[in-house]
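Student: Please take a close look at one part of this model. Keep it brisk.

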Amino acid sequence: MKAKVIEVKNLTKRFGDFTAVDHISFDVKQGEIFGFLGANGAGKTTAMRMLCGLSLPTSGEALVAGFNVFTETESIKKSIGYMSQKFSLYEDLTIKENMQFYGGIYGMTDIAIKEKTQFILHHLHLEPEQNKLVKSLPLGWKQKLSFSIAVFHNPAIVFLDEPTGGVDPITRREFWEMIYQAAQDGTTVFVTTHYMDEAEYCDRVSIMVDGKIDALDTPSALKSSNNAESMEEVFIALARKATRSAD
Amino acid sequence: MEQFLVFVKKECLHILRDRRTLFILFGMPIVQIVIFGFALSNEVKNSTIAILDPSKDAASLQLTERFEASKYFDIQKNLNTIGDIEKSFREGKIKMAIVFPENFREDLLHTNKAQIQFISDASDPNIGTTLINYANAILGDYQNELSGQNLPYTIKTEVRMLYNPQLKAAFNFVPGVMAMVLMLVCTMMTSISIVKEKEMGTMEVLLVSPLRPILMVVSKAIPYLFLSIINISTILLLSVYVLEVPIQGSLFLLMAESTLFIITSLALGLLISAGAASQQTAMFISLVGLFMPTLVFSGFMFPIDNMPIPLQVISNVVPAKWFFYIVKSIMIKGLGFKAIWKETLILFGMTIFLLAISIKKFKIRLS
């Protein structure tokens, strides 16, 4: 039985009268690829921010990488990686400089940073480009580089916030290969996406509607219980019930 | 500490890689000093004037000679009638006219009440009054000589222009340029730099990382701190060696006070970035909200004492006003800390206050 890296019980976030996240509960196991889905305004981003230690929950409990989201946010931050929609790379820095920067921020030793840098450059075949500015990279490469940097410091969990915006299906497929590899190496992947075909790649998927988790299961189980042929149909069936429309 | 250095390194790289902005940041003080020093000047020289002299006697010709000899006036010789003179004024060819009456010398010697008329083009009131003042000064000198020969009792005035005997305009604007440049570099650039992270989306990643937000903010300010010190040094070097405005007081005290003002400006930049959502907003607030009032209320271009009381009160809120006073006291008057400790304390208080609000605002936004 794999260990639980994220344990969430009745996690709630209220902004005044508005309950953005309403008593959600779920677990994520180590090495799992967990898809966190929901329409705009469902509360996904708010929930993720709480798990990343960026915002304090109003009530409930949650443990991320074994650390308490109320009291141990600094430890959480050291144990997780994050990739934002905008790829979180500095365009006017070189590839190498970006890696050195993030490695330094996460407290890695110079030697460790050097080794990991060489490894990633080699793995992504980016050795000849290492001293080029990131802005000269094509979008697909930026995306892969961004992911590599998100897991640079070997975090237990990596949070991906809609990481595949704007890239073609082939590049997306290659990107998911990287995600699979990371999961196999033991990194837990927590990903939000709007692409329903990507939802199929996940081990389990949760769908948030109006601040609550409306469904949580493997893609195949969700499809059969909703009589759907694809995750897209599942999503539409469930998200249609939503009354909120924007975050 | 390691994290901090890593971040400072990144910030330095950002600044160095942005060639255009770098050029402006380093070039600006130089350009400003040169422009203010050589191109712009409050002194009015070689103004074209006309002299209408129907009497053409010994006295009027003597006076005319004096006016001709002055570097402030260029006599336009071909104007002989009132009509010519009026026409020249309208065409903008002359800025002033001096009109003698007929029988000037006779009036002078026999009635002791000779009159001269100065007509000045006041469409630019500053130039108009300045020229009249110059003419009066020349006339005054002449009068003193005359009365020295005839009257037993005279009051001789001895004039000393303290601190700035040559009345160089540079003495006023070098401190002004210092304040302006610091405001621009520290406030505007720092705030833009912080807001850029928000716009680019890298802010999110930084927030999730173990890097403490306060370190991030401080490390963004540090490169600009060094840049500003370099800028101040450039300005001072230029002012001493090119404009010949010496530093009368302690250089160390000057640099120390400048560093304080730099921190004040950085704190302001911080505050702006906490409130601004985009780089453009940050720039706009810095320019219009801070730079312009600084220009007006610091006392560098317009004397504060001439302003109505409510505006004088407002000027007390502008940090640059205090800095300007401090710099002038040290640089031009050569005063020590004892003379400026009150102003320093005010500046220090403002800095602490600004830092406190900014930090508070940042904490709120982050949660």
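Student: How many Å separate the centres of domain 1 and domain 2 of chain B, taken over C-alpha atoms?

Tutor: The centres of the two domains of chain B, taken over C-alpha atoms, are 48 Å apart. This is a predicted model, where local features need pLDDT of at least 70, side-chain atom pairs count only at pLDDT 80 or more, and totals for chains, interfaces and linings use all residues. Residues are numbered from 1 along each chain as its sequence is written, with chains lettered from A and ligands numbered from 1 in the order written. Domain 1 of chain B covers 2-40 + 167-366, and domain 2 covers 47-150 (bounds from an automatic or database assignment).

Now the helix pair. In chain B, the axes of α7 (residues 170-200) and α11 (residues 279-297) come within 8 Å and cross at roughly 165°. That angle makes α7(B) roughly antiparallel to α11(B) (over 145 degrees). On α7(B), the contact (C-beta atoms, placed from the backbone, within 7 Å) includes B:Met180, B:Met183, B:Leu184, B:Met188, B:Ile192 and B:Glu199. On α11(B), B:Met283, B:Leu287, B:Leu290, B:Phe291 and B:Leu295 are among the partners. The residues of this contact divide into 13 nonpolar, 5 polar and 2 charged (Asp, Glu, Lys and Arg count as charged).

Chain B also touches chain A. That contact takes 18 residues from chain B and 22 residues from chain A. On the chain B side, α1 (2-17) and α8 (202-208) each supply at least two residues. The largest share, 7 residues, comes from α1(B). The chain B side divides into 8 nonpolar, 6 polar and 4 charged residues. Helices here are DSSP runs (H or I, at least four residues).

Definitions and conventions. Axes are lines fitted to C-alpha atoms, for helices over the stretch in contact, and angles run from 0 to 180 degrees between N-to-C directions. Angles under 35 degrees count as roughly parallel, over 145 as roughly antiparallel, 65 to 115 as roughly perpendicular and the rest as oblique. Two residues are in contact if their C-beta atoms, placed from the backbone, lie within 7 Å.
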